[in-house]
Amino acid sequence: MLNESTVLTVDKLQIAYEGDQVISDLSFTVNKGEILIILGPNGAGKTTLLRALQGLLPYQGLVSWNAQKISYLPPQEFLQRHNLPPLTVKEFYSFKTSDLNSAKSMMTEIGLDENILSHQFSELSTGQFQRMLVGWALLDNPDVLILDEPTSGIDIGGEETIYSLLHKFWKNQNLTILLVTHDLNVVWEYATQVICLNKQQMCMGKPDEVLTPEQLKKLYGTGVKFYKHQHR
Amino acid sequence: MSTEILLALILSGTVGAIAGYLGSLMLSKRMSLMGGALGHLTLPGVALALLYDFDVSLGATLFLALGVLIIWLLEQKTRLHLEALTAVVFSTSLATAFLFLPKKEFDIALLGDVSKISPVTVFITVIIALLLFFTVKKIYSSMVLASISSDLAQTSGVNLKLNNTLYLICIAVTVALGVRIVGGLMTAALLAIPACTAKNISSNLKQYTIISTIAGSLACVLGVIAYAILDIPAGPLIIIASALLFLVSVFKQHTE
């Protein structure tokens, strides 16, 4: 079952939280270089799934990684920005690398000014903070990047920047990306694979093939507008 | 200067420094309450030590261990929060201490006592403080990362369980050392105020930890000097000195 190009194999995954079955009978594989988007309504178990995949939660079933280094960005609400010691971005980056130059060049890569390095967390805007985190996650050259709603709380312009930034890294560094989002636009634009999740697997495959109006209606209930970009 | 005061200065300055250093990690709401709760937990131990004439910090340590064990057991048995359980246990412990604490020892237990400190006590305290320093230094960046996000820390390879355990042990030992100089009621201030002072006037983590350590130590030294002059218990003087330093920092803080 395991071949060279498989990064993640999940088989019959079950996750229970305080007696409630949050996810049942989930199986899928992710290949190298894919952008897998996990789509689903609130409370569908998306964050739970990402956390279990990294061993942050107990689960039953098989989760097997074939990757050297996995980086994770938790959702905004799991990240504390205030009531912290006065940590600067530079010091935060130095938790991962002692090489100041690589921190500096990462700032350029993520489109932030170098002097942001000497700013404290509380001095960054939400957009800057999120970009800074993406840079931090990529600092030690992971082969897999896992992100949970990386653009929540960011305005539309900033959202665009984060995704094009991720797309750039994905193209240049042979990354595999696992991403949770609500945003169907992002799915159409970037996903190579999509999983629809509502406590159990509702669909899995290429976005074009599986995201039919009927499927989305089933996933979200009524009231979701079906819209799709024309690919250029 | 008498030897007694010199020993008191060395001991208090050392304990103040380590409390300031460790306290700089304890800025979160949850942790700053912890220092106080643990201070109260030590009181029956301090009372026993005063009654049977053994070392105050030793008595404090015994009851800290007992208290933490009880809280841990209750946490397994009930579904109450750690904070709630700590509140139950520490107030019980405070009440118990008052049951058998002799009236004339009240001051010492509640306000601390820096007189009659032996050179051996100073020596042992300095050694323990050094051990604490290196332990805190080792876990410092992991704990900062964990305070941003425990998930982020864990996925970056931090052994959270081990670090949290070491962290709690360091807090408990520091509280046990602090009880001698400021008493069981004011240990929270020993840990919390220097960090607040430092946060006001520092612009990065390195500055912050250094200033917090120095502010903690300086407050203790100033407190003991005031005690030598005024002959009022050093405990309250130390905390007041620390509060004054904090006040200075409020006016010195750079506005953005």
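These legends cover close-up views of a predicted model. Residues are numbered from 1 along each chain as its sequence is written, and chains are lettered from A in the order in which they are written. Local features need pLDDT of at least 70, side-chain atom pairs count only at pLDDT 80 or more, and totals for chains, interfaces and linings use all residues.

**View 1. Helix α7 of chain B bends at B:Tyr140.** The helix spans residues 119-148, 30 residues in all. Helices here are DSSP runs of H or I, at least four residues, and strands are runs of E, at least two, numbered from the N terminus. From first C-alpha to last, α7(B) reaches 42 Å, close to the 44 Å expected at 1.5 Å a residue. The bend is about 45°, taken between axes fitted to the seven residues ending there and the seven starting there.

**View 2. Chain A meets chain B.** The contact (C-beta atoms, placed from the backbone, within 7 Å) takes 16 residues from chain A and 19 residues from chain B.

**View 3. Strands β8 and β9 of chain A form a hairpin.** Strand β8 (193-198) and strand β9 (200-205) pair in the antiparallel sense over five bridges; pairing needs at least two DSSP bridges. A:Leu197 has A:Gln201 as its bridge partner.

**View 4. A:Lys199 sits in the loop between β8 and β9 of chain A.** A:Lys199 takes a positive phi near 65°. Beyond its neighbours within four places in sequence, A:Lys199 contacts A:Val22, A:Ile23, A:Ser24, A:Ala44 and A:Gly45. A:Gly43 is 156 residues from A:Lys199 in sequence, but 8.2 Å away C-alpha to C-alpha.

How values were computed: The expected span of a helix is 1.5 Å times one less than its number of residues. Two residues are in contact if their C-beta atoms, placed from the backbone, lie within 7 Å.
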